[in-house]
Amino acid sequence: MIKRASLLACVGVLALAGAAVAQAPTDRKALEAQFDASVSSQDQMDWMKQMSSAPNHVGSPHDKANADFILSKFKEWGWDAHIETFQVLYPTPISTTVEMVSPEKITLGGQEPPVPGDDTSAAAITKDALPPYVAFQGDGDVTADLVYVNYGMPDDYKALARRGVDVRGKIVIARYGVGWRGLKPKLAQDHGAVGTIIYSDPADDGYGEGDVYPKGGARPDFGVQRGSVADMTTYPGDPLTPGIGATAGAKRLSRAQAQTILKIPVLPMSYGDASKLLAKLGGPLAPEPFRGGLPLAYHLGGDNGVQVHLAVKSDWSLKPVYDVIAKLPGSQYPDQWVLRGNHHDGWVFGASDPLSGNVAMLSEAKALGALWKSGWRPQRTIVFASWDAEEPMLLGSTEWAEAHADELQKRAVLYINTDGNGRGFLYAQGSHDFQHLVNGVAADVKDPETGASAAERMRAAIRVGAYDKTGRDDAATLAAAEKGGDVPIGALGSGSDYSAYLQHLGLPALNIGFGGEDESGGVYHSIYDSYHHFTTFDDPGLKYGAALSKVVGRLVLRVADSDTPPQRFGDFADTVGTYLDEVKKLADGRREADRKREKLLKDDAFRLASDPLKPVGPAAVEADTPHVELAALEDAVDRLKKAAAAYDSAYADKGGKLTPAARVKLNGQLRDIDQLLLDDRGLPGRTWYKHMIYAPGRFTGYGAKTLPGVREAIEERRFDDANVYAGRIAKVLDAYSARLDAARVTVMGR
């Protein structure tokens, strides 16, 4: 599901943790070299070709066949494996209609056509694929005037209001990008629209990015992005069973009670079809930020313009979900688990998303199985999971997490996730107490095209401005790269299978991949996300697939075989301090902007600056931003930094000399320390999300919001909430600091 839009947001600080490992360094290197010898790009190509040979959506025959295939491979390689089944609500289309009815009648939509050279795009194969569709929209049949709302984000609606454009009773058309897909129809619904069309503008992933498929990898004018529009920022997983596993006998909400299902019909569209609508729109000329890459003047539409008929009818039945779960038992700490997952369902063929990550995981499983057969035994139990039903809304992983919540919170040490993989630079997001570990691994894995380490190539790309496609490498990242040191990892929002483990259960998590030089974004969630596209434009020969296996394999091995999991808490403390600085700057900046807006309104500047022939109204009057009560949070961050530094120093000095009893005690103190960052009351309006440091943004979805209870409250002018959550964050940080203090005492033997 996750789309790698900006790699800078996904980077990771790479460094060694201070924990001793079970093997001496030379033994570890030998073990990892033995692991590498079992990783084969050819294996990955063969598996991908087989698994992407037919439509692979939830409930399809090939989805079940792939689960059975994955299960058979785990068993072949010596794992204890089984399929765990859940029953989830998953709507599939019975009929879809989208047409312009005035000023002329044009039928739009339909399945994407075949392209030369891509065998799976043939009609004989795609006849069993889902047509362009978005899951968890609200069925309906509406005819109304059309309004263009740019990306359909909150600021876009403010811009429309200033131009006198109202979407009540209208169908809106929004382009993909900026915010998560599901926010667009949700915001349209909240503003009174009766339907939504979402299209891919060529400026974002079509010819504005490069040659279109099949000449290049970018989206052709007939390519359509499918997806889910469930309200993920309220809760992911099965809409009918929030908080509990969707087992056969689970108590379910009615569809009408499910908060995450939308109320209005929604369909996705190609930019070829969208251009036929947008070219006919009248009304005010769209402001410059609304203008995409189509060769036409973008207008906003409204009354007496283009009228559209939109209708969707779905089969709202329960569908089976097949999670493949495999284990290698630990020899010393069998009740401590290292979890690693990737999903196997796709919107159609899913070669890039998700199979490029899934076949990398299979290589890891094969290599670990070979080590097992050679006599190696991990100290901790290793659990691999190939999730089903991620694409509709993280269904398989969330239901498994909710069904096994107690067990996971007692046993899990770390969850490592991948999704789609590509060619280019290593990126990492996740829990910052593990960012040092990721750095150490990146320094030890070679980039397959340059021969440099993944860490060296990443730092070089940052230094020359090639790492982040937008060219907005931040100062801290650049400074770290220039010093040849650690590069800060990004925070996790949502959009892939780590969400339930990190943000609901409080387990530390990492999300890993390569990207930046592939072209998978151009076929994201379309029928052209195929084996041909992937092996031509994204990762020819799956060289980076093998590199991903070597990175994640080392992460699994080093955590599974460490005497104490390799965490460095100073990185987490420093990162939280950075987040607090950002929040303070946000509040200061909002107060300054409020003062400027108030003066502009007082001086009638908006009216005087507006073109009388194309009037734009003044900015809306909003409440001034007060000073948020951050003193307790500032004190808590200071205590955290002190506690983390003291623990890290103590462990570096004495961590390798602990008695067996002290080691057991220390591991018990640290195994669930990240769970102390949860508040069972959750975030405002979305209690499923309990983590006080990381959450998906209410208006970003995939993108993370850090210290979300305070940050989003300031952004949304819920200032009472900001004060409340500053105190709640301080409380969880103090509990975390106290645990570190206790762990330091254990290390010091006092």
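**Charges over rings.** I looked up Arg 686 first: its charged end sits over the ring of Tyr 689, 5.4 Å from the centre. The rule I used asks for NZ of Lys or CZ of Arg within 6 Å of the ring centre and within 35 degrees of the ring normal. Arg 728 lies over the face of Tyr 725, at 4.8 Å from the ring centre.

**Basis.** I am working on a predicted model, where local features need pLDDT of at least 70, side-chain atom pairs count only at pLDDT 80 or more, and totals for chains, interfaces and linings use all residues. Residues are numbered from 1 along each chain as its sequence is written, and side-chain values use heavy atoms, with hydrogens and water left out.

**Ring pairs.** I took rings of Phe, Tyr and Trp (its six-membered ring) as paired if their centres lie within 6.5 Å; planes under 30 degrees apart are stacked, over 60 edge-to-face, the rest tilted. By this rule I have 20 aromatic pairs. In one of them, Phe 74 and Phe 384 have ring centres 6.4 Å apart and planes at 85 degrees, so I logged the pair as edge-to-face. Phe 74 is in helix 3 (residues 61-76) and Phe 384 in strand 13 (residues 380-387), so the pair ties together parts 310 residues apart in sequence. My helices (H or I, at least four residues) and strands (E, at least two) are DSSP runs, numbered from the N terminus. Both Phe 74 and Phe 384 are buried, which for me is under 20% relative accessible area, with exposed over 50% and partly exposed in between (1.4 Å probe, protein chains only). I also found a cluster: ring pairs link Phe 569, Phe 572, Tyr 647, Tyr 651 and Tyr 736.

**Gln 225.** I placed Gln 225 in the loop between helix 7 (202-205) and strand 8 (227-228). Gln 225 counts as buried because its relative accessibility is 3%.

**Second largest pocket.** I noted a volume of about 840 Å³ for the second largest pocket. On a 1 Å grid over the protein atoms alone, a pocket is an open set with protein on both sides within 12 Å along at least five of seven lines; lining residues have an atom within 4 Å of a point. The volume is the space filled by probe spheres set on the points, which are joined across faces, edges and corners. This pocket is lined by 27 residues, and Pro 154, Asp 155, Asp 156, Lys 158 and Arg 590 lie nearest its centre. Helix 5 gives the most to the lining, seven residues.

Notes
On a 1 Å grid over the protein atoms alone, a cavity is a set of points where a 1.4 Å probe fits but cannot get out, and a pocket is an open set with protein on both sides within 12 Å along at least five of seven lines; lining residues have an atom within 4 Å of a point.
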